[in-house]
Amino acid sequence: MSQKKKLVVVGSVAIDWVITPVSEREESVGGAATYFAMAASHHTAVDLVGVVGKDFPEHALQDLRTAGVGLEGLEVIEDGLTFRWKGRYHENMNQRDTLETHLNCFEQFEPKLPESYREAELLFLANIQPSLQLQVLEQMKTRPRLVGLDTMNLWIDVASDDLRAVVSKVDVLTINEEEALQLTGATSLLAAAREIRELGPKILVIKRGEYGALLFGPGSEELFAAPAIPLEKVDDPTGAGDCFAGGFMGYLSTAETLDGPTLRRAVIWGSVMASFCVQGFSYDRLRDLDRAQIDARYKAFVDLTSFV
Ligand code: AMP
């Protein structure tokens, strides 16, 4: 009998070329699902659905396995190439330009969820074509306790109908500030949040980079603001949003309820994992973390935000 999965993620698994104002890495293992899984694995058992080509490095598969990430749902295409993304950060590291996107093996990919993933308790549809996110959702045998979604500007531009279809079916959307405005055409975050929640998700997290995150929900009037922890040095912001989602969903998969206080703690756990992510290239810093370092960072967030 297959065992029911705690948390399943589908999304890009990638080889990135990252250029920052001070440094560059040409073959940086990335992808939304990779970052998500490396972050979530510090909280819970996580299984990954995606596809890579023959060029995906064996050491990265080993890192994922060592972190306890289930790879039964990761297809390896022997005559294909891995998804590749190239981006350059601006001087302030808050903004970046996408220089190249090559879908490669994602172009023909038809996700087939292993049987044991179809009753997962929590499902996260990390960034990838919205049509693939929909296909994964449709393969679930039972409705997960919580379905989360992330996306990006490219899909708002080129796949807006599919994206709206998938947004209408999820419980949580995590999205960047600029993308929330772009998706809705609103000029303020409050108006964007209201419109997005009318589309479907009861819970919305708007990510604001070094300025933290805003949580809307679960109640119609509930709003929570979390800072990002000030860091003296950021090496590579790539994947921060996915690590946020990994910390957020990973924590929720261990929680009994999904009430307001639990979601607020989840936002802090998301912020903790994002703060580690940016302190190294790729998932390097996340791979090397121990429990004491993670707990100390959570405490630093508590100290940063507590007042009487
Ligand atoms: P983030 O910095 O959280 O937005 O995520 C960065 C990751 O997203 C990188 O590792 C990229 O490989 C991946 N990525 C970039 N563009 C796309 C795309 N169009 N679809 C899916 N993943 C993407």
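1. Leaving aside neighbours within four places in sequence, C277 is in contact with Y35, D236, T238, G239, A240, C243, S282 and L286, where contact means heavy atoms within 4.5 Å. C277 belongs to helix α9, residues 260-277. Helices here are DSSP runs of H or I with at least four residues, strands are runs of E with at least two, and both are numbered from the N terminus. C277 counts as buried because its relative accessibility is 1%. The term buried means under 20% relative accessible area, exposed means over 50%, and partly exposed lies in between, with a 1.4 Å probe and protein chains only. C277 and V302 are 25 residues apart in sequence, and their C-alpha atoms are 19 Å apart in space.

2. A remark on the basis of these values is in order. The model is predicted, so local features need pLDDT of at least 70 and side-chain atom pairs count only at pLDDT 80 or more, while totals for chains, interfaces and linings use all residues. Residues are numbered from 1 along each chain as its sequence is written, and side-chain values use heavy atoms, with hydrogens and water left out.

3. The sheet deserves attention next. It is open and consists of 9 strands in the order β5-β4-β1-β8-β9-β10-β11-β12-β13, with mixed pairing; two strands pair if DSSP finds at least two bridges between them. Strands β5 (70-77) and β13 stand at the edges with a single partner strand each, so one side of each has no neighbour in the sheet. On average, neighbouring strands of this sheet are turned by 15° against each other, direction ignored. For such angles, axes are lines fitted to C-alpha atoms, for helices over the stretch in contact, and values run from 0 to 180 degrees between N-to-C directions.

4. Strand β1 (residues 7-10) shows the two faces clearly. In a regular strand the side chains alternate between the two faces of the sheet. In β1, L7 and V9 point one way, V8 and V10 point the other way, and all are buried. β1 pairs in the parallel sense with β4 (residues 46-53) over 4 bridges, and L7 stands opposite V46 of that strand. β1 also pairs with β8 in the parallel sense over 4 bridges; here V9 stands opposite F124 and V8 opposite L123.

5. Which strands does helix α8 touch as it packs on the sheet? Helix α8 (residues 240-252) touches β1, β8, β9 (146-150), β10 (172-176), β11 (203-207) and β12, and its direction makes about 170° with that of β8. Helix α9 lies across β11, β12 and β13, running at about 25° to β13.

6. In soluble globular proteins, nonpolar side chains tend to be buried together. A nonpolar core is a set of buried Ala, Val, Leu, Ile, Met, Phe, Trp, Tyr and Cys residues joined through side-chain atoms within 4.5 Å. The largest such core in this model has 60 residues, and those with the most contacts inside it are V9, F36, L48, F248, V272 and L286. Helix α9 supplies the largest share of this core, 10 residues. Another core lies apart from it, with 33 residues, among them L113, Y117, L137 and I175. Not counting residues up to four places away in sequence, F36 touches L7, V9, V46, F124, D242, A245, G246 and M249.

7. The ligand is surrounded by 19 residues, the closest being S12, D16, G31, G239 and D242; a residue is near a molecule if one of its heavy atoms lies within 4 Å of it. A polar side-chain atom of D16 lies 2.5 Å from an oxygen atom of the ligand. In D242, an N or O atom of the side chain is 2.8 Å from a ligand oxygen atom. In N127, an N or O atom of the side chain is 3.4 Å from a ligand nitrogen atom.

8. Some backbone details remain. Most residues other than glycine have a negative phi, and most peptide bonds are trans. M93, in the loop between β6 (83-89) and β7 (96-102), has a positive phi near 65° and counts as buried because its relative accessibility is 16%. N104, in the loop between β7 and β8 (122-125), has a positive phi near 45° and, at 24% relative accessibility, counts as partly exposed. A cis peptide bond, with omega about 10°, joins G217 and P218; P218 lies in the loop between β12 (213-216) and β13 (223-226).

Terms used: Polar contact = N/O pair within 3.5 Å; in protein donor to acceptor, adjacent residues only side chain to side chain.
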